Amino acid sequence: MAVLGTKVHVPVLRRELVARARLVAQLNATWQPRLVLLSAPAGFGKTTLLSQAMTGSGGTGRAVAWLSLDARDNDPRRFLEHVVAALATVGPFPEAASLVGPAAPVAAEAVLTTVVNELDLLPGRIVLALDDYHVIESAQVQQAVTFLLEHLPPQASLAIATRADPAVPLARLRARGELLELRADDLRFTEGEAATFLTDVMGLHLAEGAVAALEAQTEGWVAGLQLAGLSLRGVDDPARFVAQFTGTHRFVLDYLVDEVLRHQPEHVRQFLLETSVLRHMTGPLCDQLTGHGGSNEQLEALDRANVFIVALDDRREWYRYHHLFGDALRSRLTAEFPDRVPILHRAASEWFASHGLAEDAVAHALASGDPEYAADLVEAVLPDLRRERRDVMMRDWLTALPQDVVQRRPLLGTYLAWVRLVAGDLDGVSVALGDAEAALAENPPVADADASAAVREELRTLPATMNVFRASAAQARGDTAATRRHARAALQLTGPDDHMARGGALGFLGLAAWGNGDLADAVTTFTEAVHHMGAAGDVSDLLGSTVVLAQMWTGRGRPGEARRLLEQALATAQQHPGAALATLGDLHVALADVLVEQGDLDAATAHLEAASSLGDAASLLENRYRWYVTMARLRRAQGDLEGAAELLRQAEPLHLPGFFPDVRPIAAQLARLRIAQGALEDAQRWADTRAEQTPTTSYLDEFAQLTMVRLQIARHRADGDDAALKDAFRRLDHLTPSATTSGRDGSLLEISILRAMAHHAGHDVAAATKELCSALRSARQGGYVRLFLDEGKPMLDLLDQITEPPEVAEYAHTLRPPAPTTSLPPPGQAELLSDRELEVLRLLATARTGPGIADDLFVSINTLRTHTKHIFTKLDVNTRRAAVERATELGLL
């Protein structure tokens, strides 16, 4: 979506202005606070004062990035786009811009971290001014502003103009001396300023007593004084007017707007009322609403007459009414000409649509009372919303339309189902799709002659899309049969080049096969799905799906292939940093999981650190628990079993069931840890909670069954329970045929290892070594390590018995555990930097940009960010400049 230029321009100051030297001096003091806050009710001149201070002579040497907010900026993506666009007016922000590009899934913390780092590279003082901040209600946007505020580099400040205090840590900033605040009492006009305003700006000649009375009655309220001044221009007896002028701000506003309108020529009054439906306006747009020309000249005349109009750009092409004045005009318009309101909104919508400004076009279409026309506009931009991942905007528009309109339109109904799917409302998905399918059968949509190619494609593949969404809902419910049925139906409705629909359908077929334990089919089908996603140019889904495909390959007993795919995906991510961000952390975690299994604990640690530094923004919601699970595996490999258990407990509330087959339940993983610790009573309590008492062949139960085998072997070792050992063999025998026929070589390897452990526990060393030799032969190609070593001392004893054949004995020898490695350092702990980090630090001390440093080091931007994050953590700093200063103090530079 295009960013309207007037949102990121400092409002133009009018020629006649009260010079508020006392306040401007405060705002332009040498001391630069972290936050400048102007908080007061409407009409106190916050925007004018902030503009005056930012652009006046006192503000020289300071770059100002300005953003005028509106209610639509509650969409986190839109807000971040506009912040980056505002900052781009004062300097280069290439990395941040790439992260909010049309194809990039926006991750707030990653975008803001990049903004902070790029701000730190700019010379001189910088202020980011957010005007009308009171419109922000979104908790996500408020959190983003707090993050930015807390991490600003020393030369940067945030200025906020608002009618209500923002949800930022004001008390903490105040205590630190990092807050400059001006409130209503500070912003009121003094009697002298009121006299200057009424005389010099408004051109009135009032007696001194009248000025004092007006100042007292308005309590220095700037809007009230301005309205009073406009009203006095047509009054024969100013003294009497002033004497009768009293009341609250709301009463005064209503009274004075009536007075202002009453003294305007009829054509001006009509212009004000008709254009009041616009939140921002330009001459040609006003011409369309009024039905005649001359609007440019009329806007300029209103600007010269100081009639509550604000110029939004240097060329004075775009304007807006003062918010209070605009509200009052709209109230008058509705009261006097209610039939005109929808006509004016329709005219505005058509103008904005013809100029490619979809957000404004849809907003006015919805206000016009013509839902069918509004629905037409929404349908026209749905492909863009889908491609740019604007789920919030899609939700807002689809829920703003009347339900019956959405129900009659298959395309809108289908994407209402998507909105509900994202929200987790599975019942709502079924209802929306049912309505959409009924509408499609009754009245198949036909694209207009001027419809875009993207809309035509959406309509053509709509039946397939509906089935893909149904498959997704079924997968979330755990209904494998329905997942397969809907995915196959979607596939039959697509052609070979319908890559998006085919990719989705094949993906759900692959997940269904995985859930059923048919890993051979799952890998084949899901590989084809990933191919189609790549062909469709959907980098984010391509990389996210690779994480799933890697797990399937591991289940097939090919962790080496899983590692190759993940390393290839990370290389692809380096080429598409914006589009890859949403799943980049998941790729690092998935690769770390494979590396732990293969015994490369240092590399696994590095990838987990990289994922942690990227934050939640680089991980899909359904995958965030995986970091804790993989870190638990690493902790166990390092010998910290209790630490591993605590990590698994942290993972449990983050796990969202239904997205993927739960092939390694966290509760069973905890039970395995308790077995390894010798806490068999705790493990038995887990076993007692299981509903079934006899072995099953369900793949989703296999992990638990193999955990039960470990528990039975441990019970036999502990108290000689022969029945427990027999039960372990019985379970293994029961699982083997299904794993064999379904291509689950990873399962067969684990079964073989446990059979060797069971023989060893039964003191049948010959059978144990024979079984273990078979397992070692199978494991060599995949590079398995932890699957053996996690069995503890009995496995080490048995590995020592392997002497033949030579290649197997050699592999058994390599499985001896390496020296323990240290855990991740706690955040904020200063420690020695690695050679690579020192190399990065030396480049950070230069004037090189982030991309330039990455090029010098022959690494990606994401890798550079990871190194930088480590440096910041070890030096206990938040910005590049602070890191250089701290390193200098420590003698590292």
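Reply: What follows goes through a few residues in turn, and the model is a predicted one.

Me: Let's start with threonine 583. Where is it found, helix or loop?

Reply: Threonine 583 belongs to helix H32, which covers residues 577–597.

Me: And is threonine 583 buried or exposed?

Reply: Threonine 583 is buried, because its relative accessible area of 1% falls under the 20% cut-off.

Me: Which residues does threonine 583 touch, not counting residues up to four places away in sequence?

Reply: With those sequence neighbours left out, threonine 583 is in contact with Ser540, Leu543 and Gly544, and also with Ala618 and Leu620.

Me: Switching to the backbone: what kind of peptide bond joins glutamate 804 and proline 805?

Reply: The bond between glutamate 804 and proline 805 is cis, with omega at about -15°, and proline 805 itself sits in the loop that runs between helix H43 (793–799) and helix H44 (806–814).

Me: What about phi of aspartate 132?

Reply: Aspartate 132 has a positive phi, near 60°, although the residue is not a glycine; it lies in the loop between strand E3 (125–131) and helix H6 (139–151), and with a relative accessible area of 8% it is buried.

Me: And histidine 763, what is phi there, and is the residue buried or exposed?

Reply: Phi of histidine 763 is near 65°, again a positive value in a non-glycine residue, and histidine 763 is located in the loop between helix H40 (745–761) and helix H41 (765–780). Histidine 763 counts as exposed, because its relative accessibility of 69% is over the 50% cut-off.

Notes
Residues are numbered from 1 along each chain as its sequence is written. This is a predicted model: local features need pLDDT of at least 70, side-chain atom pairs count only at pLDDT 80 or more; totals for chains, interfaces and linings use all residues. Side-chain values use heavy atoms; hydrogens and water are left out. Helices (H or I, at least four residues) and strands (E, at least two) are DSSP runs, numbered from the N terminus. Buried means under 20% relative accessible area, exposed over 50%, partly exposed in between (1.4 Å probe, protein chains only). Contact means heavy atoms within 4.5 Å.
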